[in-house]
Amino acid sequence: MKEMKLYNTLTRSLDEFTPMSPDRVTLYTCGPTVYDYLHVGNWATYVYWDTLVRVLKFNGYEVERVMNITDVGHLVSDADDGEDKLEKGARRDGKTAWEIAEHYTDAFVRGMHEFGLVAPEHMVRATDFIPQQLALVRTLKEKGYTYQTSDGIYFDTSKFPRYADFAQLDLAAQKAGARVEANSEKRQPWDFALWKFTEPGKRRDMEWETPEDLLDSHGRETPGAASGAAGVIMGFPGWHLECSTMAMELLGQTIDIHTGGIDHIPVHHTNEIAQSEAASGVQFARYWLHCNHLKIDGGKISKSLGNGYTMAHLKERGFTAMDLRMFILQSHYQSEGNFSFDILAAARNRLKNWRDVACLRHQIHDRLNDDTKRNDAPQYFSPQAAIGAMREALNNNLNTPEALSIIDESFSSISQRPLDAIYRTGLVELLQTIDDVLGLQLLDSTPDINDDAKQLLVERRRARDNKNWVRSDELRDQLKTLGIIMRDTAYDTIWTYA
């Protein structure tokens, strides 16, 4: 395995990555809350963690990853107050919460395919793990970490002395309502809900019976809680509980890597660590990776500002998921990105230039591909140096901007050479490596042209040889209608896609 370094939020340092198993990595990715379409900032997160998976595989690791689908329990407030986002989406769209979850989960999966994201080994819905989540609450209660209020079962953070360590929170300086909204029944303002009770007089689309053994001694008489048949208290899981449960159930009590956005550090991931380690007694995750925010024209992404651009908005302007993927990779995952359509257009042009180089592999004659002669010949471009430099950049905390610069330099060198000075096997190897680690689909997006187009190329070459420039131009225009662009260089005539 190659040496790989990652910035670990847990240690606040660039740490050498050493998984628990020498050849296997367990990884948990915080997935989407499926109440709406994802915007460009959301997709940036998934492209970054897809790159992490690809680089781990590039280094020879087997990766077992869990990505959750949050389809219940994510409230609009970090204080465990407000409406469930799925219920809110259901009211907005005039559907049930179950229908909303299904619709936007399907949209997310389609988007994953468009972006070429590596499918996680386990993509699981929170609603499929209700019994396991209740079992985790039961364990925490048995160990003395929970208490009950009129609206739910809460984690008592005072019982977990390391609670503030991960996010380096200064709890003593925080007053109720400063970090989260005040709740007079909470013992500490930052205590968080493990299981919420359905509000009195209401019925939720997604709710489950609260097992009696999870309730305090007064049980069914819990004031303020809605009761179902025979006085059963209905409820639903807390958002934080879901991730801990799915990670530990599928990957084990300790995992190698946990990923998410920097906004998860002070609340969501802090709470995950507290409840997971309180229940298991062992470290939850050994490496924590967090990506920074993507801003829009220097400001925040907000639907109220009309800049929560989805892929549908980008397609209306002629952009593709691969254009956006290139745009995202141009920034380091820890850097605060800035989205604008001008920058996206520049990324599209960069991708187009790379695809032009990829097209060259179809135009190099077979007689020029004697590997035994060309592999180490200094006058030919060899991919090994470029691939090695890419690996070094990506193993240095996923430095995608540097990797892209290395590719730019390599492609510039290739494109300035005549076709008979390009080592085809080496070019294909380089393209395949780029696709493997960056997921830009250069090979798939640049198939060879068909036989009819090739015949037109032969005719155009013959017309140029005969200095029949009128016929040459006619054939060039005919090829253009087929989406094929001709470029005459000092050495060759090169075709690319429009």
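**Close-up views of a predicted model**

**View 1. Helix α14 contributes six residues to the lining of the second largest pocket, the most of any element.** The model is predicted, with local features requiring pLDDT of at least 70, side-chain atom pairs counted only at pLDDT 80 or more, and totals for chains, interfaces and linings using all residues. Residues are numbered from 1 along each chain as its sequence is written, and side-chain values use heavy atoms, leaving out hydrogens and water. In this pocket (an open set of points on a 1 Å grid over the protein atoms alone, where a 1.4 Å probe fits, with protein on both sides within 12 Å along at least five of seven lines), the space amounts to about 550 Å³. Its lining (residues with an atom within 4 Å of a point) comprises 23 residues, with Q363, H365, L419, R461 and T493 nearest the centre. Two or more lining residues come from each of α14 (451–465), β15 (484–488) and β16 (493–497).

**View 2. Helix α1 spans residues 40–58.** From first to last C-alpha, its 19 residues reach 26 Å, close to the 27 Å expected at 1.5 Å a residue (1.5 Å times one less than the number of residues). Of these 19 residues, 16 are buried (under 20% relative accessible area, 1.4 Å probe, protein chains only), so α1 is largely enclosed by the rest of the structure. G60 follows α1 and has a positive phi, near 95 degrees.

**View 3. The structure holds zero disulfides (cysteine sulfur pairs within 2.5 Å).** The closest cysteine sulfur to that of C291 belongs to C30, at 10 Å, too far for a bond. C291 is buried at 2% relative accessibility, and C359 is buried at 1%.

Notes:
Buried < 20%, exposed > 50% of the residue type's maximum accessible area, 1.4 Å probe, protein only. Points joined across faces, edges and corners; volume = space filled by probe spheres on them. Helix = DSSP H or I, 4+ residues; strand = E, 2+ residues; numbered from the N terminus.
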